[in-house]
Amino acid sequence: MKLTILGCYAATPRTFTNPTSQVLEIKNRLFLIDCGEGTQVQLRKNKVKFSKINHVFISHLHGDHFFGLIGLISTFSLLGRTTDLHIHGPKGIKEIILLQLKLSSSWTNYGLYFHELVSDKSEVIFEDQKVTVTTIPLNHRVYTNGFLFQEKKDPRKLDVDAVQHYNIDTCYYQKIKNGGDIKLDDGTIIANEKLSFDPLPPKSYAFCSDTVYHEAVIPIINNVDVLYHESTFLQSEEALASKTLHSTAKEAATIALKANAKHLVLGHYSTRYESIELFREEAETIFPNVLLGDDGKSFEF
């Protein structure tokens, strides 16, 4: 599982910082999460293949989280894209994008599908054979969701030496991978654990975009491998965080601790601070495994 931060600063883009956008590579799927202004430039800088992006997840309709989407959609057309693109986001995202395409006479030459979200309850919004994506309802100034990405459990791994030792026919291999025991011709039953290995534990990633401190997310993200949680402010600006419905680094760390997360990635920093290291220092007083998101930084888990 690989996370690439394209942008992780609050509000406006600057010459050396970018608003929120990131790419999650999980089970050979590539998901774009939020699409702030300048995302397509950051995709190029980080050598992410445009053609591998088939699903985009937009947390909410504040500009620093989706103003880059129309540009990316238009560039896909200019590059001759033919593969369908799916946009998952709040109700209104379809109207915004289609109006821009209509007034600029820039209709796409590929299928553009919108999956608009309105529920204030957690729900599965994407699922295939390998991955499930579930919403994480957040508490911000507009309707906002985070997203929980979960790998599905792999089949067991075949112990080739063992199946050859017992002279087991290949027609039973799938049964073994599915966890079944095998009965030999002489009636002997060979337990599955003698014929296969445990698969790697499935991984999970939770993206918690703009939100005030919100303990309702904890049951949804409990035991998550990696939690990205906005940390716009330090605790010295707690009153401002509360007023604007954002979180502090300390509050993000508290959510990570209570959710029993393995790793915490911080981001969405206000640019009022001299160094983002201050966010790590504050969060580490609560939670030990803190990683600082920053533009162009990748993490593998």
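**Two open sheets in a predicted model**

Me: Where is Ala11 found?
Reply: Ala11 is in the loop between strand S1 (2-7) and strand S2 (21-26). Keep in mind that this is a predicted model.

Me: What is phi of Ala11?
Reply: Phi of Ala11 is near 70 degrees, which is a positive value in a residue other than glycine. Most residues other than glycine have a negative phi.

Me: And Asp34, what is its phi?
Reply: For Asp34, phi is near 60 degrees, a positive value in a residue other than glycine.

Me: Where is the place of Asp34?
Reply: Asp34 sits in strand S3 (residues 29-35).

Me: Is Asp34 buried or exposed?
Reply: Asp34 is buried, and its relative accessible area is 0%.

Me: Back to S1. How many of the six residues of S1 are buried?
Reply: Five of the six are buried, so S1 is largely enclosed by the rest of the structure.

Me: What does S1 pair with?
Reply: S1 pairs with S2 in the antiparallel sense over five bridges. Three bridges also join S1 to S18, and those two strands run antiparallel.

Me: Which residues face each other there?
Reply: On the S2 side, Gly7 stands opposite Ser21. On the S18 side, Leu3 stands opposite Phe299.

Me: What is the strand order in that sheet?
Reply: The order is S6-S5-S4-S3-S2-S1-S18, an open sheet of seven strands with mixed pairing.

Me: Which strands stand at the edges?
Reply: Strand S6 (112-117) and strand S18 (298-300) do. Each has a single partner strand, so one side of each is left without a neighbour in the sheet. From one strand to the next, the twist averages 20 degrees.

Me: How does S5 run relative to S6, parallel or antiparallel?
Reply: Strand S5 (residues 85-90) and S6 run parallel, joined by six bridges. Leu85 stands opposite Leu112 in S6.

Me: What does helix H3 touch?
Reply: Helix H3 (residues 93-103) packs on the sheet and touches S5 and S6. The direction of H3 makes about 150 degrees with that of S6.

Me: Now the sheet with S8. What is the order there?
Reply: That one is also an open sheet of seven strands. The order is S7-S8-S9-S14-S15-S16-S17, with mixed pairing.

Me: Why is one side of S7 left without a neighbour?
Reply: S7 and strand S17 (290-292) stand at the edges, each with a single partner strand, so one side of each is left without a neighbour in the sheet. The twist averages 20 degrees from one strand to the next.

Me: How many residues of S8 are buried?
Reply: Strand S8 (residues 131-137) is mostly covered, with seven of its seven residues buried.

Me: Which residues point which way from S8?
Reply: Val131, Val133, Thr135 and Pro137 point one way, while Thr132, Thr134 and Ile136 point the other way. In a regular strand the side chains alternate between the two faces of the sheet. In S8, the residues pointing either way are all buried.

Me: What are the neighbours of S8?
Reply: Strand S7 (residues 124-127) is joined to S8 by three bridges, and the two run antiparallel.

Me: Zooming out, how many helices and strands?
Reply: The protein has nine helices and 18 strands. The C-alpha trace spans about 75 × 50 × 35 Å along its principal axes.

Me: What share of the residues is buried?
Reply: Buried residues make up 52% of the 301 residues. The protein exposes about 14,400 Å², and carbon and sulfur atoms supply 50% of that area.

Me: And the contacts?
Reply: Among contacts with a separation of 6 or more, 63% are between residues 24 or more positions apart.

Me: Last one, how many positive and negative side chains?
Reply: There are 32 positive and 36 negative side chains, and the centres of the two sets lie 4 Å apart.

Methods: Residues are numbered from 1 along each chain as its sequence is written. This is a predicted model: local features need pLDDT of at least 70, side-chain atom pairs count only at pLDDT 80 or more; totals for chains, interfaces and linings use all residues. Side-chain values use heavy atoms; hydrogens and water are left out. Helices (H or I, at least four residues) and strands (E, at least two) are DSSP runs, numbered from the N terminus. Buried means under 20% relative accessible area, exposed over 50%, partly exposed in between (1.4 Å probe, protein chains only). Contact means heavy atoms within 4.5 Å. Accessible areas come from the Shrake-Rupley method with a 1.4 Å probe; for residues, only the protein chains shown count as cover. Lys and Arg count as positive and Asp and Glu as negative; His and the chain ends are not counted. The place of a charge is taken as NZ of Lys, CZ of Arg, CG of Asp or CD of Glu. Two strands pair if DSSP finds at least two bridges between them. Axes are lines fitted to C-alpha atoms, for helices over the stretch in contact, and angles run from 0 to 180 degrees between N-to-C directions.
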